[in-house]
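Subject: Two-chain model for your review

Dear colleague,

Please find the structure below, followed by a description of what was found in it.

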Amino acid sequence: MRALVIDDSRAMRRIVTSILEGFGYELRDAGHGREALDVLNEGWVPDLVTVDWNMPVMDGLQFVSAVRSNPAWRSMTMMMVTSESEHTQIVRALAAGAHEYVIKPFTADAIRDKLALLGLLPQEAVL
Amino acid sequence: MTLSRDFVSDTGERRRAGDARPVIGELIDEATIESIAQEAWVSLVGEDEILVPVPVDLPADAVSAWVDVVGPWTGTVVLSTGKETAEDLCRALLGPAAPPVIEDEDVADAFGEIANVVGGNVKAVLPGPSALSLPEVGDAPAVRSPADYVRLDVLWRGEPVSISVQGALPALPDRNPQHEENHEENEVSL
């Protein structure tokens, strides 16, 4: 399975990437939504996208909306991973088309649990 | 028990139209900041990473990372520590994903992300809705109003770290003493 990690913090990209690599994902990353759209437009379509909210150039909410407006990308599962923890923000993200919402700080177990709920935990990671 | 006449007939309009603005000490205390910071440290830095609340002085080479909160309360959440401690935080945050050589950019990025996470969770306990800025790193923003300022000092691995939540707006003018007097006259016994 493939995952695209979008976060303006290189440190956070490394952390999320490291967790997902441990679950057997093939990974790419991007520093903001526009860069992530470039990856998708190359034809590299992931099964999972983790996306931060507050980023320069194109934020996470704009990215989710852009992805949802393209039928070719409907199969992707999008998980917001962000420090935005207000209820109204969570509702906005889910309404825009995000499937799951993880609030920073998180643990690897929290990511694993969300992936299991979404049916995106590779079999080798379950064992 | 007394209740002011203002309150009895209050529809909310007066409070909205008035010049009262919450100061941070009315909205969050040091214990809440400590709880937020500790959760961030355990999740991001490491399970055994404990913050010990104790008054500390920051070293002369202190660096700061901060995020702005803009909403019913507007201000800044600032993390400050010594340069070397910031580098140690970066290494701990990245763990096995750390590059062999940690550059200044890596330190700024990691320290900024910790400020982002702490700031986001501080924002969540303040009145909303609020917006959160991207993190910045450098010399700490000046304290605009000492009355709108809460600071928590901690030790992490024996090194000082401070976390402050400080209003971005200048202090409100003192209330007119005459107004205070009139206010008291409006109180009625219940």
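Helices (H or I, at least four residues) and strands (E, at least two) are taken as DSSP runs, and they are numbered from the N terminus. The model is a predicted one, so that local features need pLDDT of at least 70 and side-chain atom pairs count only at pLDDT 80 or more, while totals for chains, interfaces and linings use all residues. Residues are numbered from 1 along each chain as its sequence is written, and chains are lettered from A and ligands numbered from 1 in the order in which they are written.

The two chains

On that assignment, chain B has seven helices and nine strands, and chain A has six helices and five strands. Read from the N terminus, the order of elements in chain A is β-α-β-α-β-α-β-α-β-α-α. The C-alpha trace of chain A spans about 40 × 35 × 25 Å along its principal axes. A compact globule of 127 residues would have a radius of gyration near 14 Å, and the 13 Å of chain A agrees with this; the radius is taken over C-alpha atoms, and the globule rule is 2.2 Å times the number of residues to the power 0.38.

For burial, C-beta atoms are placed from the backbone, and a residue is buried if 20 or more other C-beta atoms lie within 10 Å of its own, exposed if 12 or fewer, and partly exposed in between. By this count 43% of the 127 residues of chain A are buried, and 32% of the 190 residues of chain B. Asp109(A), which lies in helix 5 (residues 108–118) of chain A, is exposed, because it has 9 other C-beta atoms within 10 Å. The C-alpha atom of Asp109(A) is 9.3 Å from that of Ile19(A), although 90 residues separate the two along the chain.

Where the chains meet

Two residues are in contact if their C-beta atoms, placed from the backbone, lie within 7 Å. The contact between the chains takes 19 residues from chain A and 21 residues from chain B. On the side of chain B that touches chain A, helix 4 (30–45), helix 5 (83–94) and helix 6 of chain B are the elements that give two or more residues, and helix 6 of chain B gives the most, with nine residues. That side of chain B divides into 12 nonpolar, six polar and three charged residues, where Ala, Val, Leu, Ile, Met, Phe, Trp, Tyr, Cys and Pro count as nonpolar, Asp, Glu, Lys and Arg as charged, and the others, Gly among them, as polar.

Arg10(A), Ala11(A) and Met12(A) of helix 1 of chain A meet Asp109(B), Ala110(B) and Glu113(B) of helix 6 of chain B.

Best regards
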